Amino acid sequence: MPDTDLVRRATDFVREREDDLLFDHSRRVFFFGALQGRRRGIDVDLELLYVGALFHDLGLTEEYGDSRRRFEVDGAEAAWNFLVEHGVSEADARRVWLGIALHTTPGVPEFLEGEIALVTAGVETDVLGIGFHDLSVEQRRAVTSAHPRPDFKRRILHAFADGNRHRPETTFGTVNADVLDHFLPDFERTDFVEVIRSNPWPE
């Protein structure tokens, strides 16, 4: 964990806005992302990775209960504003923005800069179990001892559903469409094939 003023301020900012579920998850995302990066030989700015991990689910909080944007974008914008206000360059803030905005878009972040790739890697380890066996029992135990996962699978799914139920249209093409399909009885998926077939082109 980088011992810097930026990290402390980011921690205070997010801790005031997130419950234990999201805060502990976000801290695990940082640690798992950093560990996956070490294993893969990816050198990153740990401050930027920390802010990306910490802010990545901020858009699911009550503060964004009226937002009509993707929750990932809400978190990305909040991180961008926080970083720029604290003197971080726009180029670095942009990397953090992309890491957050793309963390539910599998198959893309891994090819981008380390700070972007490792937010997704941390999320994949903590939520999906991808890379679980690449980390040692001791590493996993150290992270989860500091930030436990009580009933995490069920609770995080409900957090995803609650954070998106007021903006179901934003889940089109994302993994969160699966979540709403499971948890919202009246959810209707946007069908990509039908969007193409019914669009105004005459052929």
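Q: Where is T171 found?
A: T171 lies in the loop between α8 (152-164) and α9 (176-183). Helices here are DSSP runs of H or I with at least four residues, numbered from the N terminus. This is a predicted model, where local features need pLDDT of at least 70, side-chain atom pairs count only at pLDDT 80 or more, and totals for chains, interfaces and linings use all residues. Residues are numbered from 1 along each chain as its sequence is written, and side-chain values use heavy atoms, with hydrogens and water left out.

Q: Is T171 buried or exposed?
A: T171 counts as buried because its relative accessibility is 1%. Buried means under 20% relative accessible area, exposed over 50%, and partly exposed in between, with a 1.4 Å probe and protein chains only.

Q: What does T171 touch?
A: Not counting residues up to four places away in sequence, T171 touches N164, N176, A177, L180 and F187. Contact means heavy atoms within 4.5 Å.

Q: And how far apart are T171 and K153?
A: They are 18 residues apart in sequence and 20 Å apart in space, C-alpha to C-alpha.

Q: Switching to the cores. How many residues are in the largest nonpolar core?
A: It has 32 residues, and those with the most contacts inside it are A10, V51, L54, F55, L83 and V96. A nonpolar core is a set of buried Ala, Val, Leu, Ile, Met, Phe, Trp, Tyr and Cys residues joined through side-chain atoms within 4.5 Å.

Q: Which helix gives the most to this core?
A: α3 does, with seven residues.

Q: What is V96 in contact with?
A: Leaving aside neighbours within four places in sequence, V96 is in contact with L48, V51, G52, A79 and L83. There is also a second, separate core of 14 residues, which includes L21, F160, V179 and F187.

Q: Back to α3. Why is it largely enclosed by the rest of the structure?
A: Because eight of the 10 residues of α3 are buried. The buried residues of α3 pack against α1, α2, α4, α5 and α6.

Q: At what angle do α3 and α6 pack?
A: The angle is about 40 degrees, with the axes of α3 and α6 9 Å apart. That makes α3 oblique to α6. Angles under 35 degrees count as roughly parallel, over 145 as roughly antiparallel, 65 to 115 as roughly perpendicular and the rest as oblique.

Q: Which residues make the contact?
A: L48, L49, G52 and A53 of α3, with E115, L118 and V119 of α6.

Conventions
Helix = DSSP H or I, 4+ residues; strand = E, 2+ residues; numbered from the N terminus. Axes fitted to C-alpha atoms, helices over the stretch in contact; angles between N-to-C directions.
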